[in-house]
Amino acid sequence: MGLNRKSSIKEYWNRKNMSQSTPWFRMIFARNRFQNVLRFLHIVDCKKIPARNNQNYNPASRIKPLIDFVNRKFLYYYRPRRELSVDETLVGTKGKTAMLQYIPSKRSRFGIKFWVLAEAVTGYVLQMHIYLGKTFEPALPAGTLQGTNVVIKLLQSADLLNKWYHVFTDNFFSSLNLARTLLVQRTHLTGTLRKNRPMPNMIKNANPDPGQTTYARQGNILLCSFRDQNRRKQVKLVSTYYSAARAMNAKPLIVNAYNNFMGGVDLSDQMMAFYNDHRKQTKVWKKIILHMFHRILLNSYILYYQHTSHNPILSRFEFVKQVIEGLTEEHLSNRQQNPGQRQKIRKVTERKEKDCTVCSDRKNGRRRRARTECSRCAKGLHKLCVRRHEC
């Protein structure tokens with residue numbers, strides 16, 4: 001459905017208009033069956049989830065097992081390069097949930113927020129943590145910024161601390177406190193700083209001319225204030241890796257590195273948007289489930305691209321088509337070998353009705369009559385009981 005977009009799900013089973021007909025969907029699924037699967041789609045048993053008025057209630061409990069499973073698999077199959085990026089992403093929805101967030105800078109604006117750790121160059125997602133909202137998020141220790149807590153938790157869950165990885169963050173996460181904390185755990189940090197964050201007055205009050213840079217160093221931590229030639233606003237950055245040097249384009253090395261490696265999460269979101277069906281869902285957990293399926297598919301393509309011996313390498317569009325064909329090949333062959341319901345049942349000719357061999361049980365006083373019978377064994381059989389009948 002991401003490759004063949006239509007206005008509604010029913011349109012994929014349209015038989016009336018030849019120009020809109022897509023026979024493949026009818027071959028794979030009956031429309032009613034697909035809609036029932038989608039309707040009753042769940043990850044956990046809802047009866048075992050604590051109620052909303054329970055102190056143990058978690059608004060993400062319906063999809064947490066899937067997120068945990070996906071995070072484990074993302075780490076199992078890939079060893080990331082040194083440069084990593086941490087950012088937020090929004091799964092667009094307006095469904096009723098305590099986790100709903102409003103971020104005007106995002107395209108969807110309303111949705112469920114995830115904290116994401118991704119490889120900076122390829123956009124391969126390593127970890128995704130769902131943001132539960134202020135009401136359900138655990139309280140932070142005094143003096144700890146939310147951004148610092150998020151970065152540490154993402155790296156801990158990915159087991160990437162104490163390995164000299166290099167994390168790039170924006171001004172929501174970056175701080176001198178985070179830089180010191182990561183440096184103690186043998187991890188580098190590079191990111192932009194907000195004006196209201198603690199920093200030396202030399203950087204806080206700096207006002208460099210266009211094209212000029214002001215540097216300050218605190219041990220292994222480098223801070224700089226830079227104003228580009230074509231911009232009025234200055235940018236403040238912190239890094240525990242780069243030195244106070246300029247690149248070939250006359251910009252500081254720290255600025256060039258930030259521009260090159262900060263966009264890992266945005267790159268992943270951009271690639272996700274191309275073949276996402278963007279189907280609206282009233283249930284929030286269904287929207288997240290479908291989102292996670294697309295994340296899995298995108299990460300699998302990055303794995304293929306990095307390790308394949310194919311020449312030429314398949315484009316992502318061709319890769320998605322190959323995945324679809326591979327997943328449905330066995331199902332289609334089985335359906336061709338085993339004829340469908342219409343070929344397995346026929347109307348009763350000798351008598352008007354027969355006891356259904358599946359749902360009828362005279363011994364226990366349950367009698368269900370059918371006007372159709374199995375075309376192979378000639379036993380009474382309802383149309384709805386065909387799938388459970390063996391002869």
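**Domains, spread and a helix pair**

Modeller: In this predicted model, the centres of domain 2 and domain 3, taken over C-alpha atoms, are separated by 60 Å.

Biologist: Which residues belong to each domain of the chain?

Modeller: Domain 1 covers 1-36, domain 2 covers 58-305 and domain 3 covers 343-390. The UniProt record, in an unreviewed entry, lists residues 1-301 for "domain: PiggyBac transposable element-derived protein", and over residues 1-301 the chain is 30% helix and 19% strand, with the end C-alpha atoms 18 Å apart.

Biologist: What makes the chain more spread out than a compact globule?

Modeller: The secondary structure of the chain comes to 11 helices and 13 strands. For 391 residues the globule rule gives 21 Å, whereas the radius of gyration of the chain is 28 Å, which is well over that value, so the chain is more spread out than a compact globule. Along the principal axes, the C-alpha atoms fill a box of roughly 100 × 55 × 35 Å.

Biologist: Why is helix H3 called roughly parallel to H9?

Modeller: The axes of helix H3 (residues 64-76) and helix H9 (residues 284-307) come within 11 Å and cross at roughly 5°. Angles under 35 degrees count as roughly parallel, and therefore H3 is roughly parallel to H9.

Biologist: Which residues of H3 and H9 meet, and what is their class?

Modeller: From H3, Leu66, Val70 and Phe74 meet Ile289, Met292, Arg295, Ile296 and Asn299 in H9. By class, this contact has six nonpolar residues, one polar and one charged; Arg counts as charged, and Arg295 is one of the H9 residues in the contact.

Note on methods. Residues numbered from 1 in each chain as written. Predicted model: local features only at pLDDT ≥ 70, side-chain atom pairs only at ≥ 80, totals over all residues. Heavy atoms only, no water. UniProt positions renumbered as here; feature names shortened; annotations may be inferred. Helix = DSSP H or I, 4+ residues; strand = E, 2+ residues; numbered from the N terminus. Axes fitted to C-alpha atoms, helices over the stretch in contact; angles between N-to-C directions. Parallel < 35°, antiparallel > 145°, perpendicular 65-115°, else oblique. Contact = heavy atoms within 4.5 Å. Domains from an automatic or database assignment. Rg over C-alpha atoms; globule rule 2.2 N^0.38 Å.
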